[in-house]
Every structure is written in structure tokens, then in C-alpha cells.
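This briefing is intended for reading alongside the sequence and the structure. The points below are grouped by topic.

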Amino acid sequence: MNKKLDPGLRARLRSTRGRNEAEGAPQDRSAGERIGIIVEFTGSLDDLTAVGFERHSLVQHPTKGYKIATGLIPLDRLDDLASIEHVVEVEGPRRMHPELNYSLPEIHATAVHTGAPSRKGEGVVVGIIDSGIDWRHGSFVKDDGTSRILAIWDQMLPFRAGDTRGPNNIGVVYVRDQITQALQGNGTIRTRDVDARNKRDGHGTHVAGIAAGNGRPATCCHVGRTYVGVAPNADLIVVRYDYSHSDEIGENQRLLQALEYIFSFLDSIDKPKVINISQGDNLGPHDGTSLVERAVDADVEVGDLLGPRRIVVKSAGNEGAALRHVQGSVPGLDNIDIEFKVPEGLEFEAFLDLWYDRAGALNLTVTAPGGTSSGTVNHGTDSSFIANPTAAANRRSRVEIDATINGEHSRDNNFRITIHDPARGTLPNGDWRFNLANPNFGDVAFHCWIERGTNTPRFLPPKSPPDAKVRASLDSTLSIPGTSAQVIAVANHQSRTSCCDCWPSTGIEPSSSRGPVARGALANRKPDIAAPGLEITSAKADVANFRGNCCSCCPDACCCLYEDLTGTSMAAPHVTGAIALLLEENPRLTRADIVRHLQATARDRPAGGWDTTWGGGKLNIEAAIAAVRAEAGGGGGGGGPNMHPPVVLDGVAFSGRRASDFSPLRSSPINSFFRDRLDESESAFHQFPPWFRILRARLRILPEGEQVAAAVSRHFSEVRRLINSNRRIAAMWHRATGPILLRRVLQGAMDPDADVSIAGEAQRQYLDRFFDQLLRYGSKRLRERIERHRSTVLAMIETPLAAMVDGQQRGRA
């Protein structure tokens, strides 16, 4: 079988032909079955077309000349395609896997938004290739009611009469005018951010909100434009990837088609583009030479050479602590065992991808639970065996081993191990191992990755102190295409969240994938930069169809417009939006310029300016903008820590804030004590929303107010989580009309004459029972705070806090 075909395609052909022979089929059942592929070639596309290839996308590198196309081909013509002399290699379909209010100050984007001149992504297009987008969400709608989305290509949506077909008759396309008309009730748009089972997903909506949401919708707890994305004035274009399983998101060839669609859609628009990819996979050499990565490289360099700029940002991946990578070295004339465990209930096939030194040789033996073995599979040869031969025929699992040596682009040698799912039942679970034997004298280095997914096999966890066994490694866990030379790969660091004391660390998130790339690490340093990705609040999808207990901590249901998610999927769009700001400042910046500025101006830079965990350090877009201005010889809006004048509210200066943050409070008197208490902790305190700051500052005037304020700060998020997850607590909260009570408390904090009275005895009883439930289900510290401060909190609900403060001050006078 032609080795130009990747191991997955070879296995697919072998399986199909094996079934034909076993069933005595009179003809090849693969005839007419078409499969999506990526092909690299150097000659004429007509030669590929002549053997049945149907092109869907094509990119040619502007200087190196190679071409990469995606498309469909009949399965039985794959060998014919691979036999064309100028075809370099062919990759089959691989499934990809999914990978602000506090985070914007963390990356210093708020200062850029409010600086002089302000930068919010105007004139830049942000592309999102993900699970879709909730086009109805107010964060993607302009103040005049028109959509900010230039186009949506839904690759999953079936065509109906009146629709516009997507490229290559795949899915449906909607453009801005259609979306705007639908927003106004004058049309129908069927695309949603849902998974293959038509259940709300929200990954793409959340990612888009971080990169470019404008945060227009106010919530009960926050004024409008609190949850603002990094580039709130950028245009958006979205491709909804196709799903097969809930933990998968599109295929690699569809990713390249999505890139081409976004770039070609905008060919007539002279605007720079930055595309966010928050998904990836583990199959491949992890050295930047997969066909997906070479195609991305070509796209970016076309933009660098010809303009307008094309930048691609990719999440580093969440593989850091996933136990799906091992690395090591097999000594000469020796061998080592590598153990891994297949969990119970795994219904889908599993893949292990072993890569080892191109100049070396390794022989492989795979052993299944129970001792069934492949026997020795020599360097460069293929093999297969049944892992559980004593099982019923329809429950047997076949293991296939595909070898590739001396591959294209100077790649290392490869064994792909595929554990196929049986016709019925699950994979043989338990302890597996493979043995690597080195028949030569020199040591041979290796890496092995397990493909991602839910309930996948795992290598042995790290152990301290280490033992003699080969155990999972944090290093080289970047997901593909994050090892592409031209992709900007983003690690995920912890930062302040809405749970103000829950995550005091600002270190790297343990799940964040680490570098380096497996080969050529000196020339291709990954990751490039780190950004916040822990519990990021951003747009929530499908809110129009929400049913259930929503944002019970607040006075109404509008907080259902936003949600918290974690991962490098959330870190990457921070950098995508930041690059949009840089491109607004200077549309001529190349990918190399952007990386240089981001790394040179990063906060907490590693020793030497880069490492495999942090890349260049923590994103600081304010400093990066200042560096771009300085390099251009212009002053711009400055570049110091405060590029804009402070907002002054009743004589109190708020640095790092927008005037619009305080518009609901302009008519509210703030006493002189407020200024005193802001000054003493302004650097840490300014990230709270305005209502919270006023409430906290007023509380601290009361005799035990310091303790109550600290309790509110520490446990606000815990109480909110309990309300939204515990039915008993939620029931008491709503029966006590908790959202209404909370609104009255906030009003009472600003107005001593506000009506904060409890409606009746039943409401008071339900409130008491609410506190009783918190005492039952809350953390130990929360229970202690409730027992200590319950009477004071109840008093606040019955008497305006502002009146209590005024009485306290008069008493002091």
C-alpha cells in the first residue's frame, strides 16, 4: 500500500478490503464511497482531478511553491492519487477537539480601549472557527441594531429552499443583511451554537465574546459593557464546524476550508484578518510539518507578502495534565516497556501515535490485557492482531499497527497504533503495554501521544520521587495545529476571577499544554505567549431558549447572557482580540512583528525571554501598543500605565475605568468616607463592578462592617454557585424573592430613603430557611460567616445601608 497515504487512510483501505474479502463481496464496496482528504502536491491540479479528486480549497505557498488542497475522492481511487509522481502526501480526516470583566484589566486591554487614541479593533476582521455563534446575543449587535457579523457559514446545516448554499455545497451561508433582518424579526436564520444532538454547546459563542464581544447587554448585577471583549469594534465572520460526537469539533480538512472561506470572503475588503482556532488534535509529528500546519503557514505568509495581513491564533491545548504523552530514549541494544490503561466503557476506537528518531530504528511489540500480543513488529513494517481472541466474534477488537519511515519533510519515523472498537461492546479495558526494542548501538529518542477525547486511554501518572517506569510527561503536549511555525500558540494562565479569593494564584494553569515542539524547537519556539483562561466570563449561547434556574444571585434573569468557562480555548481569543487592536494601530504588522512586540512587552517574562511553559510571558496589550507606536515614531496616546485620564465621580478618581462604567451612579451621592477607603487599596479594588465597590465601602463604616464586607467578597461566588446548582437552596432563594431583595439592598446602599422592606412574614421565613440551607450545604468558612453575621445581613435587608451609615456617622459626630 502506498506510503504517501497517512496511517489512517491505509487502515481505512485495509479494513474495507478485508471486509470485502471476508464477506465474499463480488465487487469493491468502497467504490463510490468518498472521503475527505488533504493532499500536498507540486504539479498540476488537473492530474488530481483526473483520478476523481474534487477540490474544495487550495492554497499555494508564496515563496516555497508547494500546494495544499482539500476535497473529496472516492475511497477506491486513493491509491491512484498517491501514485501521481508530484503528489507528496495525503492526509485523511481527523477530528478536532474543543480546547471578562476581570481578564481585560489583567491583559491591560481596558486601558487601550479608553486611551487616546482609543483602540477597539476598528477596521479589523476577527474570524472564529468553532461550534458556531449565537447571532442573537447582544454582544454581537451594534447600537443601531445591525449585526456585527459579516457572515456565518454553518457547515452542518442542511440546505432548504431559499437558503444560500455554502462553498462546495456544504452547509448554508448567511450574510450580515440577512442576520440584521432576522434580528428585526423580518427573516429566519436557522444556525445555532448547538452540538450534534441539538443541545446547547456555546463554545464558539463564548470564544467570540472574549475576542470581540461588545458587552452591550446589561445584567442585573452589572451595567452594560461590563463583559466586553478585547476588540469590541471589530467585525466578525464565523464558521460553524461540523460535529460527530459531543467532544469533537470538525475535521482537519474542514478547518482549511474554513480558513479559505474567511480569507476569500474578504478578498475585496482591504482589512487585516485575525482568525481564532480553539481546537486541535494529538495525531501527527508535533513538529509543524502536518499538512494542516503547512497550509496555515502558506496562508499566513501570503498575507505577510501580499497583504492584507492574515494572522492565525491557536490555543496551546489542555493536555498538560491529561496523561496522554510520554517521551524518552531507548538505549542501544536495549528495550523498554511503556504501560497505558484503557478505561472501562470506551466505545470508540483509540489511537496511539509513536514517533522516533529518523536516523534510528525501533521494533515494537504491543500486548493487550490477558497477554495477547502482536509479536515483534519490525522497524518500517505493518501488522495487526486481535486483542481479545476468546471473546465472541462481534466483540473482538482488532489492533492495527501502521509504520512510516523516512517520511516527507524530514519527519521522524512513526508507528500508528489503532485499537478498533468491536461491532458490539467496548474496547478491552485494563492494563496494556508496548515494548520498544532498539536493535542498534545508538540511543533512539521517542515521543508517543494518545489521541484526545472523552474517557481515552492514559499513560502512567508522574510519580515523586520518580521510579524506573516511563510515565506521562508535561512537555511537548501542544495540540496540532499549534506547532505550526506561523500559528501564534497561546498558553493559559490563572488570574483574578469573579470568585475574588478562590484563585489567588497567577501561575500557569496545570492543564495548559507545554512546549517544545518535538523537532526543530530552536527555530519554532512554542508556545508564543500566555493569556488568562481560568473561569473567563463571556457570552452565553442560546439564551432565548433558556429554561431553568438562571442567575439566581441577581435581581432578574439577564445574567443568563454570560457564563464562565476555562481552558486555553479561552486564553487564545484574548490574544486574537489583542492582535486586532495591534492591527488597528498598524495594519502592516506581520506575524513576526506581532510576536516580537507581544513577547518583548509581556509581563513576568521568563528567564531568557521565553520558555516552554509561558512562551514569552503574560500578555500586556497596553505595552505592546505603546511599543508599536514608539517604533513608528509616533506618540499616540502615550503608553504609560494610564493612557487615559481617570474618571472622577463625585470627587473620587477611578484610574483604569471608563466613564460609562459609572453612568447609573452619577446621580448618587458618595460621602467623603468612600474616597478614603478607595485610596488605601485602589490597585486591587478597582476591578470590582461599581455597585459592589459602593456596597463594600459603605459596609466598612459599620461596627462589624469590615468583617461583613470581607465575607461578602470571599463568598459571593460560592453562594451564587450553590443557588444555581442546589435545588433546595434555589427554591428558598426564589420563594424569598431574593433577586428583588438584592436589588433593594443595592438601592439602599446609595439612597438612605430607599424602600427595602420585606413584603411579609412568609418572605422573612423563606429567607431564614435560605440561610439554614446555606448552613447545611455551604463550606465550613461560609457557615462560620453566616453564623457570625446573619443578624447584620438581615438588618441590611430591612434598613437602607446608606441610612445605617449616616446614623453611624452622626453618632460619631
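Glutamate 622 is buried but takes part in no salt bridge. Arginine 629, the nearest side chain of opposite charge, is 8.2 Å away. In this predicted model, glutamate 622 belongs to helix 12, which spans residues 621-632. Its side chain makes a polar contact of 3.0 Å with the side chain of histidine 108.

**Overall composition**

- The protein has 813 residues, of which 58% count as buried.
- Its secondary structure consists of 21 helices and 29 strands.
- The accessible surface amounts to about 30800 Å², and carbon and sulfur atoms account for 48% of that surface.

**Salt bridges**

- Side chains of opposite charge can pair when their charged atoms come close.
- Across the whole structure, 34 salt bridges are found.
- Arginine 324 and glutamate 319 form one of these, with 2.7 Å between the closest N and O atoms. Arginine 324 counts as buried because its relative accessibility is 8%, below the 20% cut-off. Glutamate 319 is likewise buried, at 4% relative accessibility.
- A salt bridge also joins aspartate 353 to arginine 416, the closest N and O atoms being 2.8 Å apart. This pair links distant parts of the chain, 63 residues apart: aspartate 353 lies in strand 16 (residues 350-356) and arginine 416 in strand 20 (residues 413-419). Both aspartate 353 and arginine 416 are buried.
- Aspartate 467 and lysine 463 meet through their side chains in a salt bridge with an N to O distance of 3.8 Å. Aspartate 467 is partly exposed, at 31% relative accessibility, and lysine 463 is also partly exposed, with a relative accessible area of 47%.
- A network of salt bridges links Arg10, Arg14, Glu400 and Asp402.

- In soluble globular proteins, nonpolar side chains tend to be buried together.
- The largest nonpolar core holds 58 residues, and the members that touch the most others are Val126, Val575, Ile579, Leu582, Ile594, Leu598 and Ile621. Helix 10 (residues 568-585) supplies the largest share of this core, ten residues.
- Apart from this core lies another, of 35 residues, which includes Ala350, Leu362, Val399 and Ile417.
- Leucine 582 touches Leu589, Ile594, Leu598, Ile621, Ala624, Ile625 and Val628, leaving aside residues up to four places away in sequence.

- Helix 11 (residues 591-600) has as its buried residues Arg591, Ile594, Val595, His597, Leu598 and Gln599.
- The cover over these buried residues includes helix 9 (291-306), helix 10 and helix 12, together with strand 13 (310-315), strand 24 (488-493) and strand 25 (529-532).
- The loop between helix 11 and helix 12 contains aspartate 604. This aspartate has a positive phi of about 50° although it is not a glycine.

**Buried residues in loops**

- Tyrosine 66 is located in the loop between strand 2 (54-60) and strand 3 (67-74). Tyrosine 66 counts as buried because its relative accessible area of 7% is under 20%.
- Apart from residues up to four places away in sequence, tyrosine 66 touches Glu40, Phe41, Val59, Gln60, His61, Arg294, Asp297 and Ala298. Glutamate 40 is 26 residues from tyrosine 66 in sequence, and their C-alpha atoms are 7.1 Å apart.
- Asparagine 214 occupies the loop between helix 7 (203-212) and strand 10 (235-240) and is buried, at 4% relative accessibility. A polar atom of the asparagine 214 side chain lies 2.9 Å from the backbone oxygen of valine 141.

**Backbone geometry**

- The peptide bond from serine 464 to proline 465 is cis, with omega near -5°. Proline 465 lies in the loop between strand 23 (458-459) and strand 24.
- Lysine 526 and proline 527 are also joined by a cis peptide bond, with omega about 0°. Proline 527 is in the loop between strand 24 and strand 25.
- Serine 410, in the loop between strand 19 (398-404) and strand 20, has a phi near 60°, a positive value in a residue other than glycine. Serine 410 is partly exposed, at 47% relative accessibility.

Definitions and conventions:
Residues numbered from 1 in each chain as written. Predicted model: local features only at pLDDT ≥ 70, side-chain atom pairs only at ≥ 80, totals over all residues. Heavy atoms only, no water. Helix = DSSP H or I, 4+ residues; strand = E, 2+ residues; numbered from the N terminus. Buried < 20%, exposed > 50% of the residue type's maximum accessible area, 1.4 Å probe, protein only. Contact = heavy atoms within 4.5 Å. Core = buried A, V, L, I, M, F, W, Y, C linked by side-chain atoms within 4.5 Å. Areas by Shrake-Rupley, 256 points an atom, 1.4 Å probe, with all protein chains shown as cover. Salt bridge = Lys/Arg side-chain N within 4 Å of Asp/Glu carboxyl O. Lys, Arg positive; Asp, Glu negative; His and termini not counted. Polar contact = N/O pair within 3.5 Å; in protein donor to acceptor, adjacent residues only side chain to side chain.
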